[in-house]
Every structure is written in C-alpha cells, then in structure tokens.
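Trainee: I am new to this structure. Please take me through a single part of it closely, and then show me how that part sits in its surroundings.

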Amino acid sequence: MRFLPHTNIERQDMLAAIGVGSIDDLFADIPAAKRLTAPLDLPRGKSEAAVARALSAMAGKNVAAASVPFFVGCGAYKHHVPATVDHLIQRSEFLTSYTPYQPEIAQGTLQMLFEFQTQVAMLTGMEVANASMYDGSTGTAEAVLMAHRITRRRKAVLSGGLHPHYAEVVRTLSRMARDEVVSLPPDVFAREALVDAIDADTSCIVVQTPDVFGNPRDLRAIARACHAKGALLIAVFTEAVSLGLLESPGAMDADIVVGEGQSIGNALNFGGPYLGLFATRQKYVRQMPGRLAGETVDAAGRRGFVLTLSTREQHIRREKATSNICTNSGLCALAFSIHLSLLGETGLRRLARINHANAVKLADMLARAPNVEVMNETFFNEFTIRVKGDAATVIERLADRDILGGVPVSRLLPNAGLDDLIIVANTEVNTDEDREAFVAALEGVA
Amino acid sequence: MSNTYYTRDHEYIRVDGDTGVVGVTDHAQHALGDIVYVELPEVGASFKRGDQVAVVESVKAASEVFAPVTGEVVAINGALEKEPGAVNEAPLDKGWFYKVRVADRAELDGLMDEAAYAAFLKTLA
Amino acid sequence: MLNNQGRPTAPAASAEAPQRTFTTNRALQLEEGLIFEHGRVDVTGVDMDEPETFALRLGGLERMAPIGLPGLSEPEAMRHYVRLSQKNYSIDSGLYPLGSCTMKHNPRINEAMARLPGFADVHPLQPVSTAQGALELMDELSRWLMEMTGAHAVALSPKAGAHGELCGMMAIRAAIEARGESATRNVVLVPDSAHGTNPATAALIGFAVRSVPANADGTVSAQAVRAALGPDVAAIMLTNPNTCGLFEREIVEIAEAIHEAGAYFYCDGANFNALMGKARPVDLGVDAMHINLHKTFSTPHGGGGPGAGPVVLSERLAPYAPLPFTTRDTTGRALVEHGHATAFGRMTAFHGQMGMFTRAMSFMLSHGSDGLRQASEDAVLNANYVRAGLADLFSQPFGDRPCMHEVLFDDKWLEGTGVTTLDFAKAMIDEGYHPMTMYFPLVVHGAMLIEPTESEPKVALDLFIATLRDLAFRVARGETGSFHAAPVHAPRRRLDETRAARQPVLRWTPPRPIEDTMAAE
C-alpha cells in the first residue's frame with residue numbers, strides 16, 4: 001500500500017522491540033467477541049490510476065458550472081478565482097499544517113489570520129472579526145446565540161428575506177436550546193415591518209442584505225429601532241462581493257455582521273467547504289465565538305502573532321464556552337484573503353461594478369421578454385423573476401437545454417405559494433452570449 | 001482581631017462596618033498565573049453567598065469567583081479593566097474586585113480567619 | 001606556481017558567530033511585513049475591464065467611503081504568501097506527533113480528485129438531475145462509513161468534529177422528545193478526560209453536564225457509569241479509544257448500562273484511526289459517533305480547517321437524522337431537503353463538506369478494506385514502538401501497558417528538574433519536530449500525548465525516539481537553560497501570550513484615518 005511505509009520485516013522487528021508476539025496483542029483490550037475477524041465488506045485497495053478512473057466517472061455525471069450558461073446563486077456564487085490562489089493554498093506549509101497552537105513554528109498561518117481578520121473587519125465596517133466559522137449559516141446561528149448572551153434575552157426575530165436554509169439552521173439550534181424564534185413570512189419585495197417585530201424580550205433581529213430575493217436593505221432605521229429597545233441588529237450577507245459596491249453593514253450600525261465568504265477565493269464545491277465571516281464591535285469581543293489571532297512580541301522583542309483570548313473557547317471553558325467550535329475554515333480563509341489581496345480595493349470595487357452591470361443588463365433583457373416579470377426594482381447581482389407556470393419545471397427544461405437558469409423559490413420554500421418565482425444570479429463570469437442564450441431558452445420553455 | 005475573612009475557594013472579604021471588600025487571595029493569583037482579564041459584576045446587583053459573582057482569566061485558564069457573603073454590590077474596581085495585572089501585584093490592595101453591603105454578618109462566622117486560612121493552605125501542599 | 005585565487009571550497013577554520021543582518025533576514029528565513037504595510041489601495045493583481053457607464057440599481061445604498069483594502073500585484077502576492085508559508089511547520093516537512101489530531105500523510109490524488117470540475121464546480125442548488133454523480137459519491141461515502149462502523153444511517157452535513165457532536169446530541173434530544181421525556185432527561189455524562197468540545201456541545205443545547213471520574217488505570221468503569229446514571233440522564237459522551245490513548249475495556253458493559261437506563265451512547269470518534277477494520281463502534285453499543293474526515297481519512301487540516309464531521313447513527317437514532325439526505329426515486333438519486341416527519345432539522349445551509357467527501361473517498365478507495373485495516377494496525381504499532389522506546393526514561397500515568405494509536409506520558413519524570421512539559425516541547429522545535437499535544441488530557445499532570453500515525457517509517461521513528469532520549473539526557477544533566485530559552489532556531493522565540501491577552505490587538509489599524517491617506521495620494 002503506497003501510503004504505508006513499513007515492510008513486513010520492519011513490522012516484525014518493531015513488534016519484537018515492543019515485546020509482543022503479534023499485532024493482535026496490541027488490540028487485546030477490545031472485547032474478543034466484538035473484534036472483527038473477517039475483512040470489511042468493501043473492495044480492496046486501488047492504484048492511483050484506478051482511483052482517478054472511479055472518481056472521474058462520478059464527476060462526469062455532474063454538469064460543471066463553467067460548461068454551461070450558469071445563473072445559479074442563492075448563497076453560493078460562481079466567480080473567477082485567479083490561478084495564483086489555488087497554487088498558494090496548496091503550498092505544503094499551509095495545506096498540511098494544524099491549528100497554530102505552537103506559534104513559533106506557525107507564524108505563517110497566524111499572520112495570515114491576522115490579515116484576514118483585518119480585511120473582514122474593513123469589508124464589513126466593523127471593529128473586529130474572528131478567524132472564521134464553518135459557513136454563513138452556522139455563523140448566523142452562532143451570532144444569534146451571541147446576541148442572547150449579550151442581551152440576556154432569548155428571542156430572535158428573523159427577517160422574511162433571510163435565506164430560508166439559514167433560517168432553518170437558526171430555528172433548529174434555537175429549538176434545541178429552547179430559545180424563541182419568530183420567523184417573518186417570505187418577503188419578496190422587502191416590504192416587511194421589521195421594526196414592529198421588536199419587543200422588550202427581543203434579543204436580536206436578523207436581516208440579510210442583499211436579501212435572498214436580491215433586494216439590498218437599508219439597515220439604518222432597523223438599527224435605530226433595535227438599539228432603542230435594547231436589542232441587537234445582526235446583518236447577514238451571502239454574497240461577499242456585494243460589499244465592494246454596497247454600503248457596509250457596520251456603517252449602517254449593525255452590531256454583529258455575519259456572512260458567507262465563499263464567493264471570494266473559493267469554489268462552489270456542491271455546498272462546502274465554505275467560509276463563515278464573523279465581525280462585531282470591540283466591546284463584544286469577549287462574547288464572540290471562534291478563534292482569534294492577535295499581535296504580540298517574542299522573547300527577542302520581534303513582532304509576532306498568537307491565538308489569543310482562548311478562555312472563551314471550549315478547550316478551556318468547556319461547558320461555559322461561547323461556542324463548541326474547534327476546527328474552522330482556515331484554508332478557505334486563506335483563499336479568501338489571497339484573492340482579496342490580489343483584488344485590493346480597486347479590484348474589488350471594479351469586480352462588484354461588473355457584477356452589478358451584468359445583472360442590470362440581464363434584468364433589462366428579461367423585462368422585455370414575454371411571460372417573464374422581474375420582481376426587483378433594486379438588486380446587486382441577483383434578482384427574482386416570475387414565470388408562467390411552475391418554476392421548478394422551467395428550470396428542469398432549461399437544464400435539458402444545457403442552461404442552469406437559477407433557483408426556483410419552491411426549492412427553498414416548498415409550501416409558500418411562490419412556485420412561479422426563480423432567483424437568478426449573474427456574475428462577472430456570464431457573457432452576453434450566456435445571457436442571450438438564457439433569455440431565448442426561457443422564452444421557449446416558460 | 002483581624003477583619004479579613006477567607007473562603008476555601010480562595011476569595012477574601014475585608015469587612016469595615018457593614019461593607020466588605022472582596023477579591024482573590026495571594027495564593028489564588030499565584031496559582032492562576034498572569035491574570036489577563038477580570039469580569040466584574042454590575043453595581044446594584046445582589047448575590048447570595050456562593051453565587052458566581054465574577055470571572056478571573058489567565059492566558060490558559062478561567063476561574064469563577066464566588067460571593068463569600070450575601071449582599072448587594074456597591075462598588076467595583078473599574079481599574080482592573082485596563083490593568084488586570086494589579087491582581088497579581090497586590091491582590092489584597094489595588095487588585096480588589098468589588099465592595100459588597102453585607103446582608104448578614106453571621107455569614108462571616110462560616111469563613112476562615114487568617115490563621116485558619118494559612119493552615120488550610122498547608123493542607124493543600 | 002599554484003593559483004590560489006579560486007573560489008574557496010572549505011569554510012574558514014574559525015566560523016564567526018552569527019551576525020546581525022541589515023534586513024533581519026537570516027538566509028532562507030525571510031521576514032515579511034503585513035499586506036497593509038506594503039499593499040496599496042490603487043494596485044490590483046486582477047485585470048478586468050471597467051464596465052461601461054450605467055445607472056446603478058442599488059436604491060441609493062452604494063458605498064461612498066473608502067474601505068482601505070490594500071492590493072498586491074501578482075508577483076507581490078506570490079512572494080508574500082510563499083514567505084508566510086515558509087514560517088509554518090507541516091506534515092509534509094516532518095513528523096507532527098500531535099496526539100488526538102491524527103496528522104497523517106495527505107495524499108495529493110485526493111486534492112486532484114476534489115478539484116475535478118465535476119465536483120468542485122457544481123452548485124449545491126443546481127437541479128439534482130445535473131448532479132447525480134455528486135449524490136452518488138455521497139451515497140458511496142455513506143456506504144463505506146456504515147460498513148466500517150456498523151451504523152444504520154449517516155448524517156453527512158456536519159462541517160467538523162464539534163459540529164458532528166452537536167448533530168449527534170441533537171438527534172439524541174429529538175429521540176428523547178419523541179419518547180415524551182424531554183422535560184425529565186436533561187443530563188449528559190462526560191468523563192473528566194473528555195475533549196472540551198464534549199461538555200461545550202452538551203451545554204450548547206441546554207443539557208447539564210455531570211462528570212464521571214476515571215479509574216486509576218485511565219479508563220471509565222461500568223460501575224462508575226452506573227453510579228452516575230439515573231432517570232434524568234439523556235446520554236453519555238465517551239471517546240473511544242479515549243484521550244489517554246487507551247481502549248475503554250468495559251465499553252460493552254457501559255453501553256448496556258446506558259441503554260438499560262433509557263439513555264443513549266454518544267461516542268466521540270476523534271480516535272477512530274485505531275479501529276478501522278478492527279472493531280465497529282455500533283457493534284460495541286454506540287448510538288451516534290462523528291467521524292473526523294480531516295483526521296482518520298486524511299483530508300488536510302489546512303492550518304485549522306476546513307474539516308468534516310459526518311455522524312453515523314444506530315438504528316435507534318437513524319430516523320432523526322437531519323436534512324438534507326439522499327434518496328432514490330424513479331428518475332435516479334434525489335435529495336430530501338424539506339418536510340420530513342422525524343428529521344430533527346438542519347445543520348447547515350447546504351449538503352456538507354463535499355470537497356472533503358471527495359478527498360476522503362479517494363483515500364478510502366486507495367486503501368480498500370485491506371489497506372484501512374493495515375493503516376490502523378500500523379498506527380497502533382507506531383505508537384507502541386514510541387512507547388517502548390521511551391518507557392525507561394519517561395513516566396506513564398497509568399503504567400507501562402500497550403496503548404492504541406497514541407501514547408500518553410506525564411511530567412512526573414520532570415519533577416524537580418526545573419524543566420516543564422512546555423519547555424520540553426519547545427526544545428523539540430529546535431530539534432526540527434512539531435511538539436506533541438501537551439497539557440491535554442487535563443486529568444494528567446503535564447500531559448504529553450504522542451500520536452505518530454501510520455505515515456511514519458521506522459527510520460523516522462528511530463530518529464524521533466533518539467532525539468527525545470537525547471533531550472531527556474540533557475534534562476538529566478541539568479542543562480535547563482537551553483530548555484528555558486527554547487526555541488532559538490525557529491522563526492520566532494517564545495511569544496508573549498500575556499501581553500496578547502491583556503491588550504488584545506486583533507487587527508491592523510491604519511496609522512491615520514483611511515480618508516486622509518486617500519486624500520494624500
């Protein structure tokens with residue numbers, strides 16, 4: 001077996017050095033009746049070529065985004081990632097190192113995390129950010145728990161524009177933790193009265209911007225109303241590129257900002273691994289979940305970085321920790337940080353403008369198409385359309401014509417009576433030809 | 001007659017009239033190592049004897065501080081926020097945590113005096 | 001006459017002491033500033049054409065103020081991150097004996113497979129008719145995990161070990177609710193030796209934690225579990241092999257006692273690397289166990305993630321597995337994403353760590369049933385070989401007896417030497433090794449937990465053992481000064497963690513407001 005270095009003679013020598021007769025002597029603590037004697041009912045090992053053949057066959061049954069006109073979003077976005085990013089994250093010293101518990105020999109990871117935290121804080125308009133969560137949805141659930149700790153209240157209000165799967169993750173954890181959640185109904189036009197939902201028991205309001213239907217939300221009035229009643233505003237985003245063009249949640253007075261960072265530096269990966277971004281105000285830092293890298297000096301007085309404020313974490317605080325999180329999304333954070341360093345402010349703003357310009361073009365083309373209605377007046381790179389008939393069927397028919405045309409709302413909200421809506425994303429990877437093909441095909445099937 | 005009393009969890013309370021100054025002992029600060037953060041109660045809050053009233057953190061550990069007596073918090077040592085190291089330097093002096101209005105002086109009888117605490121520490125060695 | 005003007009080929013007889021350098025670099029050890037110190041907001045390493053002028057449709061919500069994000073050209077970015085990478089230790093560069101972390105070789109075929117466009121470039125919400133191969137891979141991974149553990153179902157979506165723990169404990173809570181006992185069963189038993197995530201997870205969803213003491217031999221006895229059991233107990237969370245590197249010998253009796261009391265058995269699967277093809281946890285009585293694909297199945301740790309923590313479930317808990325999961329219908333494979341009667345809810349937005357599933361599947365297919373069993377046997381062999389090589393010098397808290405895939409020492413042998421476990425670990429850095437896990441488990445004083453994994457050849461273990469023995473002799477000779485100073489050859493000396501925690505600096509701050517910087521340029 002190519003990954004296992006020992007020869008059988010070496011194994012025998014080692015057993016002799018240990019002072020046992022056979023390998024099974026080392027497994028003697030396993031109750032004899034429960035020890036496996038026969039091999040597992042699984043195939044024997046394969047050569048590298050055979051493994052590649054088997055997995056390539058499976059991969060070949062999937063339609064890759066780059067191979068078709070592609071307009072699917074709703075929490076994960078197809079962007080171009082520079083080749084440099086994937087090369088660098090595959091450097092042995094980044095890819096195959098552990099959590100930086102020995103800072104003297106992990107300064108690369110620690111400095112990268114410090115830079116990442118700073119980039120996330122700047123992008124979100126907040127003061128501090130952590131070293132990442134699993135993804136945007138679990139980060140949102142953690143943000144709700146954090147708000148409960150800060151306000152000592154246990155009721156969260158979820159906007160009807162929050163990604164339905166994010167809402168479901170929050171509801172699942174809250175139900176288990178016996179906290180209250182109020183979910184407002186799906187809000188296609190961003191007309192919900194969030195301010196009216198705040199009462200004296202409300203710990204936090206969770207608002208996504210742009211929301212799942214694509215509408216950018218002005219958070220300022222909601223923030224004011226929250227703060228007047230002692231509640232916190234949690235702002236969520238699923239498209240990090242939007243922050244290159246839209247006002248930051250921090251500038252609109254959010255208290256906790258959490259989002260999905262996949263769209264910068266990371267591939268679609270059929271849903272994971274992704275990257276949870278998490279930022280807040282300095283005054284709440286000790287209630288924040290997750291790891292934090294901080295600056296300090298070494299014994300020779302040189303600048304260096306360490307993991308810090310660990311007393312919040314499970315390995316020290318155990319059942320009193322702010323979260324149970326341990327492993328996070330380190331390598332995805334590195335990909336994000338490298339891509340964002342390459343973009344810089346100039347590149348990010350330009351990328352965001354291109355995304356918006358492409359979406360505006362597509363919206364205008366769709367608005368002219370028969371049988372299609374564009375629901376949004378405002379959007380970033382994603383908006384909602386209404387078609388005649390069942391949207392899921394329309395999407396299937398488009399797929400038959402090799403076009404991945406968006407997400408039918410019924411896939412996310414099966415019983416909401418929104419079966420004729422499709423959420424359509426349009427990023428910098430889409431060309432005029434893609435858009436023309438999409439609109440033409442839609443006219444044929446809708 | 002000393003006016004300072006000690007708990008088995010290494011808190012002290014120094015009583016003057018009906019108020020007491022609460023903190024952790026020199027033994028406690030030594031065992032914790034460099035203290036980096038102290039989470040203090042709010043002024044006006046009331047605690048029963050034995051309630052968790054504060055948290056003291058070193059780099060690698062977090063320990064709860066329990067109220068030595070029942071009563072209302074009348075003052076806290078806000079300086080610890082900027083200078084938690086004061087607990088290491090002078091735990092009984094500038095490293096104090098909070099002042100409490102002692103609700104029931106009889107509770108003091110259940111605590112150790114200086115000699116008893118010194119003897120108690122010897123049993124831990 | 002001989003020409004002596006050529007290039008000298010031997011070092012000068014008296015090499016001078018290391019000198020300070022102008023740059024503070026030391027040859028291949030290159031100092032590197034922050035991107036905020038050498039990047040510029042008007043530089044970009046990504047070429048794109050500005051879009052034509054158009055009317056924004058943002059409802060007046062566009063960002064006006066500068067962000068302050070620095071940009072790097074491509075060569076600058078390459079150099080910055082390559083230099084940073086060179087300050088990290090990695091499994092590719094040397095032995096990484098972190099106990100309970102399973103730092104094994106990360107095969108590159110796994111990386112290549114995960115990057116196939118048919119896996120990496122597939123959207124979680126595109127029609128399932130266009131992702132049949134992805135669902136097939138999820139099914140195949142599930143089949144392997146079930147066969148290896150004896151389980152009836154697998155929840156694939158948890159994103160890491162602790163997330164898997166949360167998933168398993170939520171399934172247990174859902175099962176208890178279904179029995180109508182949620183008001184009375186609120187306690188979870190956790191041994192003192194457990195990883196911190198166990199009590200943190202139980203507390204996160206409102207369980208009270210009751211600790212169970214370990215025996216003098218480092219394991220948990222069925223008697224101690226029975227003593228802690230009652231009608232209020234929902235579950236036990238036990239790691240097996242445990243964090244002391246020992247197999248819980250009474251696990252079958254413990255499982256029986258737990259089940260008799262109407263509770264469930266959660267097993268922390270962090271140490272499954274010792275058991276592949278040797279024993280199946282569900283056969284031993286386990287109801288739920290997460291599997292760290294980033295430990296046992298070699299998906300790279302990436303400096304702290306991402307991981308993946310699928311949870312295998314016994315027949316009793318299988319109905320409560322969270323959404324989504326795969327199923328089959330007349331047209332092929334499908335995903336159940338909503339409206340299931342007994343599923344306890346949803347752990348994450350999408351279907352789990354597909355990129356990790358692909359890597360783990362590649363690892364499993366490469367090994368096969370024979371290779372996986374051999375890997376576990378070699379992992380246990382290697383840990384015991386290290387134990388045998390050090391047993392005469394180092395102290396073992398529970399006596400010299402066979403361990404599983406990791407070996408635990410304490411600091412009794414260092415008593416009175418002036419050298420602590422931390423000092424010893426830092427001295428290992430100067431010798432070119434990553435230290436072992438230290439001060440964990442908490443139940444052992446000055447713990448040193450060594451897990452060599454199956455990836456290490458005998459010759460590497462021999463040198464590792466010889467190095468640790470030499471360090472032990474230096475301790476015995478009283479050379480404490482070098483231990484206190486260590487490491488001196490790493491990119492950094494010991495770092496001041498007290499300062500970092502007392503005055504936290506968690507981000508770079510511009511020396512003057514960003515607006516002023518922009519105006520000046």
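This is a predicted model: local features need pLDDT of at least 70, side-chain atom pairs count only at pLDDT 80 or more; totals for chains, interfaces and linings use all residues.

Mentor: In β13(A), 5 of the 5 residues are buried, so the strand is largely enclosed by the rest of the structure. Look at its two faces. On one side sit A:Leu421, A:Ile423 and A:Ala425, and these are buried. On the other sit A:Ile422 and A:Val424, buried as well.

Now the partners. β11(A) pairs with β13(A) in the antiparallel sense, over 5 bridges. One pair to find is A:Thr384, whose bridge partner in β13(A) is A:Ile423. Strand β12 of chain A, residues 407-408, also pairs with β13(A). That pairing is antiparallel too, and it has 2 bridges. Here A:Pro408 stands opposite A:Ile422.

Next, step back to the domains. Chain A is divided into domain 1 (65-80 + 345-445) and domain 2 (83-339). Their centres, taken over C-alpha atoms, are 27 Å apart. The contact between them takes 29 residues from domain 1 of chain A and 25 residues from domain 2 of chain A. On the domain 1 side, β13 (421-425) supplies at least two residues. So do β11 (382-387) and α10 (330-368) of chain A. The largest share of that side comes from α10(A), with 7 residues. By class, the side of domain 1 that touches domain 2 has 17 nonpolar, 8 polar and 4 charged residues.

Chain A also touches chain C. That contact takes 166 residues from chain A and 173 residues from chain C. On the chain C side, helix α10 (residues 354-390) of chain C gives the most, with 22 residues. The residues of this side divide into 88 nonpolar, 53 polar and 32 charged.

Finish with a sheet in chain C. Here 3 strands form an open sheet in the order β10-β12-β11, with antiparallel pairing. β10 (407-409) and β11 (437-438) of chain C stand at the edges, each with a single partner strand, so one side of each has no neighbour in the sheet. Within β12(C), C:Leu449 stands opposite C:Thr437.

Notes:
Residues are numbered from 1 along each chain as its sequence is written. Chains are lettered from A and ligands numbered from 1 in the order in which they are written. Two strands pair if DSSP finds at least two bridges between them. Helices (H or I, at least four residues) and strands (E, at least two) are DSSP runs, numbered from the N terminus. Two residues are in contact if their C-beta atoms, placed from the backbone, lie within 7 Å. Ala, Val, Leu, Ile, Met, Phe, Trp, Tyr, Cys and Pro count as nonpolar, Asp, Glu, Lys and Arg as charged, and the others, Gly among them, as polar. Domain bounds come from an automatic or database domain assignment. A residue is buried if 20 or more other C-beta atoms lie within 10 Å of its own, exposed if 12 or fewer, and partly exposed in between; C-beta atoms are placed from the backbone.
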